[in-house]
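Good morning, colleagues. I would ask you to keep the sequence and the structure in view while I speak.

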Amino acid sequence: MKKSFNRRKFIKNASLGSMAALLGAEIVYALPEGYTPLALQQNQDPGKLFGKHKEMRVLNDLPWNIEAQAHLLDDSVTPAAKMFIRNNGLIPEEIDPESWTLTIKGESVTQEKTYSLETLKSQFPMHTYQLVLECGGNGRSEYYPPAKGNQWTIGAVSCASWTGIRLRDVLRDVGVNEDAVYIGYYGADTHLSRDPDKNPISRGIPLNKAMEDQTLLAFAMNGEDIPVAHGYPLRLIASGFPASASGKWIHTLSIRNKIHDGEKMAPPSYSVPCEPVEPGTEVPNEAMCIIENMPVKSLITYPKSGALIGAGQPLSIRGHAWAGAKKVQTVDYSIDFGATWKSCSLQEPVNPFAWQRFEATISFPEKGYYEVWAKATDSDGISQPMLTPGWNPKGYLNNACHRIAIKIS
Amino acid sequence: MQHLPTNLRLLMGAGLLILVLIGIGVYFQTEQLETDTIPKDGEIRNAEAPLQVDGIESQVENGIHEPTGFIAGEGLSLVIAHCTACHSAKLVTQNRADREGWEKIIRWMQRTQNLWDLGEQEAAILDYLSENYAPVQTGRRRPLTNIDWYELKE
């Protein structure tokens, strides 16, 4: 891509203020010379661009960040149309699966090796799992003081069916030295500034997470090629961790002898205070810890909030609950703001890291306004809070109970 | 030039000045042809410097600058010029911070995201952001609002 560095220097060297004064105008000039608008991204309708459902909410279109609403997530297996998009950079412009390669390198690789997609698909056994991916910042919009970034409400979560090979199998094929502790990924997305020397994001996972059965290098989602917005042709899937660990458009993995130091790996990114802090506290980076497993959480996916029903009419509710690397033990609901709780029926997960379906039928005692609150509890007995949990500078890990409004008349 | 009458010298001086001004005009006219307006939603730009902004007054309806969704106010053109060169206006409008908070965000973008020096315009940008996108105290859990009521048939 052609870059207009000379012009940029010109602008930088001349102080903007003094130039503006000289010209008697408020603005100095934009000089985006030689840029190539992406055919893919010129169309502003995420329905046409990405095949997204019309009720998906666009938080940001440069870069694209789109979330679902609770009632859109009712399917047991999330279809692509209802899956959130979280991008830090720009979606790669040209992807050729024929020439795509994955290189495994790093300080702790026994021997650097490059695979074609075809080799990966044919050389290693394929596995399919239903896996929750949830953005670390899902729920950020509820924190006060507000944290900067995309203001996710509740819809940055999905549970699709992912097909691929185990990362562990590939790591064993290249050989991992004894001092290895972390796997870092590199994807083909472009930094917003278009600076080719900058990565939008390059995160990763500890070695023990990389060795798990369900940690995949995925080629397919819901039985089809992964949609481009979700990482075609190769995506790392590390369910249970913030979804930023599940890197998209992967072309390189680095086996590290220390915690990976790629973009968005270091605090404050995807980190929370190691010890709880008062809301609004300035927390130094060295007092922040990298988020690993996501906390227990649930969503009521049916009915959609705002249902008007007749007196004496029972209401069936259902939804999903998940708990990072753990299992969900119980889900309860309350129609009196937590004064009393009743249990929901809860299904087993189809595999580890899949969300679990819960259901209940509710009778309301009298007419009026109600909120149905759902609360999941994990296998360690830890429940979702009804209030927003501990404040943290970047607004991560809000797993507060979901609730819907119901009126009985 | 001493041998020329004063009037003529003045005339030549004025002529020269006009030529220079025309030159500057042509130069920046050419620049303008190469510059761009506000990116459409989802449109990607090679962002290395602020955008040129013209005629935004006519695009304001009910206090909102329609193409970007920004609140109309003092400093709007600066914010469009500097912020939307690189990312969507939505990244600004969905966030809330006080002046110090917005300044921190700008410093972070300058330190890590290739944002340029905003020079003397920074103060006006911070005024705009802290006035129009200030934090709203929400408590520990806000009530459900904007409920879209509908008859549920089972």
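Which residue in E10(A) is the bridge partner of A:Ile165? It is A:Leu217. Before I go on, please bear in mind that this is a predicted model.

Let me place that pair in its surroundings. Strand E10 covers residues 216-221 of chain A, and E7(A) pairs with it in the antiparallel sense over five bridges. As for burial, strand E7, residues 157-166, is mostly covered, with seven of its ten residues buried.

One runs from A:Leu62 to A:Pro63, with omega near 0°. A:Pro63 sits in the loop that links strand E1 (57-61) to strand E2 (64-67). Another cis bond joins A:Pro267 to A:Pro268, and here omega is about 5°. The loop that holds A:Pro268 lies between strand E13 (250-256) and strand E14 (271-273).

Next come two phenylalanines. A:Phe337 is not a glycine, yet it has a positive phi of about 60°. Its place is the loop between strand E19 (328-334) and strand E20 (342-343). A:Phe353, also not a glycine, has a positive phi of about 75°, and is found in the loop between strand E21 (345-346) and strand E22 (356-362).

Are these phenylalanines buried or exposed? A:Phe337 has 11 C-beta neighbours inside 10 Å, and therefore counts as exposed, since the cut-off for that class is 12 or fewer. A:Phe353 has 28 such neighbours inside 10 Å, so it counts as buried; the threshold there is 20 or more.

Finally, I move to chain B and to B:Ser130, a residue of helix H5 (121-132). B:Ser130 counts as partly exposed because it has 18 C-beta neighbours inside 10 Å. Which residues does B:Ser130 touch, if we leave aside those up to four places away in sequence? They are B:Asp98, B:Arg99 and B:Trp102. As for B:Asn62, the C-alpha to C-alpha separation from B:Ser130 is 20 Å in space, and the two residues are 68 residues apart in sequence.

Thank you for your attention.

Notes:
Residues numbered from 1 in each chain as written. Chains lettered and ligands numbered in written order. Predicted model: local features only at pLDDT ≥ 70, side-chain atom pairs only at ≥ 80, totals over all residues. Helix = DSSP H or I, 4+ residues; strand = E, 2+ residues; numbered from the N terminus. Pairing = 2+ DSSP bridges. Contact = placed C-beta atoms within 7 Å.
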